[in-house]
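The sequence and the structure are shown first.

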Amino acid sequence: ARKGIARGRSVVVLAFEEGILLATANASRALPQIAENYARIASPPVGNTTESADPRVAPARDRGQGAKALVAGGSGASGTGVTRALRQAGFQVFTVSSERTRIDAAATKAGDGVTPLVCDLADPADVQVLRTALAGTAGAMDGVIHLVGGWRGASGITDQSDADWDFLERGAITTLRNVSRAFYADLAAAGTGRFAMVSSTAVDKPTAMTASYVAAKAAAETW
C-alpha cells in the first residue's frame, strides 16, 4: 500500500452489455475515489489518475434502466451502499433481510425506489417463495448480489468452536447456495445476468485464528 492506501478492498462488480458497475465501501472522506485501478477499468480512455483526484462517476445513461437487481443480505452498511449504487445506475432494486425493521431502515437510507423484503435466506423453501413472489410481481431478476456473511474468530485451531462454524456455514455458504439455485434460471435467461458474492482477501492468507471464517469464504468462492 502507498501512503496508507489500503489494498485488497472488496468490490462488487456487475457487467452488462453497455458497461460495468463497481460498488464498494469507502470510509475515507479525504480520498473520495475508490482506487486508480478501478478508475482505469471504468474509464479506460481517460488514463491513470491519482488517489486524491476528484471522483469520476460515470453517467448512468440507460445501462440500468429496466433491469432488476436483488440484494441478498441488504440490511447492513454494505447492503445500503450497494443498493444505493444500483438505484443511482437506474436499476429497480429489491433488498432482502430476515429482519423487517432493519431492512426497512436500510431501504430508506438507500433512497427512493428500493423495495424491502423479508426472507430467511438460510431456508431453501422460503427463498423459493421469495423468487416466486418476485417473478409474479416484478418479473425475472437480471442481477443478484449476495452480501450475507458474518465473522467469527478464535485464538487458534483447537478453540474453533462448532457454534461459530455453524454460524459461518449458515451465513456464508447455505444462504449463497439457496439464493443462487433459486435465481439461477432467471440470470441464465437474462442473457446479461450476473451473480456476485463477497469474499475476503484472507482466503489467500489463512491463519489459525481465522481458520473457520476463511474456510467458509473459500467454500463460498468454490460454489
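## Helix α4

On the face of α4 turned away from its buried side lie the exposed residues Val129, Thr132 and Gly136. Here exposed means over 50% relative accessible area, buried means under 20%, and partly exposed lies in between (1.4 Å probe, protein chains only). Helices (H or I, at least four residues) and strands (E, at least two) are DSSP runs, numbered from the N terminus. The buried residues of α4 include Val127, Leu130 and Leu134. They lie on the same side of α4, because they cover an arc of only 55° around the axis, the arc being that of the directions from the helix axis to the C-beta atoms. The buried residues of α4 pack against β3 (68-72), β4, β5 (114-118) and α5 (162-190).

Helix α4 comprises residues 124-137, and its 14 residues should span 20 Å at 1.5 Å a residue; the end C-alpha atoms are 20 Å apart, which agrees. The expected span is 1.5 Å times one less than the number of residues in the helix. At the start of α4, the backbone nitrogen of alanine 125 has a side-chain oxygen of aspartate 123 within 3.0 Å. Glycine 139, with a positive phi near 100°, follows α4.

## Basis and confidence of the model

The model is predicted: local features need pLDDT of at least 70, side-chain atom pairs count only at pLDDT 80 or more, and totals for chains, interfaces and linings use all residues. Residues are numbered from 1 along each chain as its sequence is written, and side-chain values use heavy atoms, with hydrogens and water left out.

The predictor's confidence in each residue is given as pLDDT, from 0 to 100. Its mean over the protein chain is 82, and 71% of the residues reach 70 or more. Confidence is lowest in helix α1 (residues 36-42), with a mean of 41, and highest in β5, at 98. Over residues 29-62 pLDDT stays under 50, and the model has 43 contacts beyond four places in sequence for this stretch. Residues 1-5 also stay under 50 in pLDDT, with six such contacts. Contact means heavy atoms within 4.5 Å.

## Overall architecture

The protein chain contains six helices and seven strands. From the N terminus on, the order of elements is β-β-α-β-α-β-α-β-α-β-α-β-α. Of its 223 residues, 40% count as buried. Among contacts between residues at least 6 apart in sequence, 59% join residues at least 24 apart. The chain exposes about 12100 Å², of which carbon and sulfur atoms supply 53%; accessible areas come from the Shrake-Rupley method with a 1.4 Å probe, and for residues only the protein chains shown count as cover.

## Strand β4

Which residues does threonine 95 contact, leaving aside its neighbours within four places in sequence? They are Val71, Gly74, Thr83, Ile103, Ala107, Val114, Thr115, Pro116 and Leu117. Threonine 95 belongs to strand β4 (residues 92-97) and is buried, with a relative accessible area of 1%.

Glutamine 92 also lies in β4, but this residue is partly exposed, with a relative accessible area of 36%. Beyond four places in sequence, glutamine 92 is in contact with Ala67, Lys68, Ala69, Arg87 and Ala138. Glutamine 92 and alanine 67 are 25 residues apart along the chain, and their C-alpha atoms are separated by 6.2 Å.

## Serine 75 and helix α2

Serine 75 is placed in the loop between β3 and α2. Serine 75 is buried, with a relative accessible area of 17%. Its side chain and that of serine 97 are joined by a polar contact of 3.4 Å. A polar contact is a pair of N or O atoms within 3.5 Å; within protein, one must be able to donate a hydrogen and the other to accept it, and residues adjacent in sequence count only if both atoms are side-chain atoms.

In α2, the buried residues include Gly79, Thr80, Val82, Thr83, Ala85 and Leu86. Glycine 90 follows α2 and has a positive phi, near 100°.

## Helix α6

In α6, Ser212, Tyr213, Val214, Ala216, Lys217 and Ala220 are buried. Their cover includes α5 and β7 (194-197).
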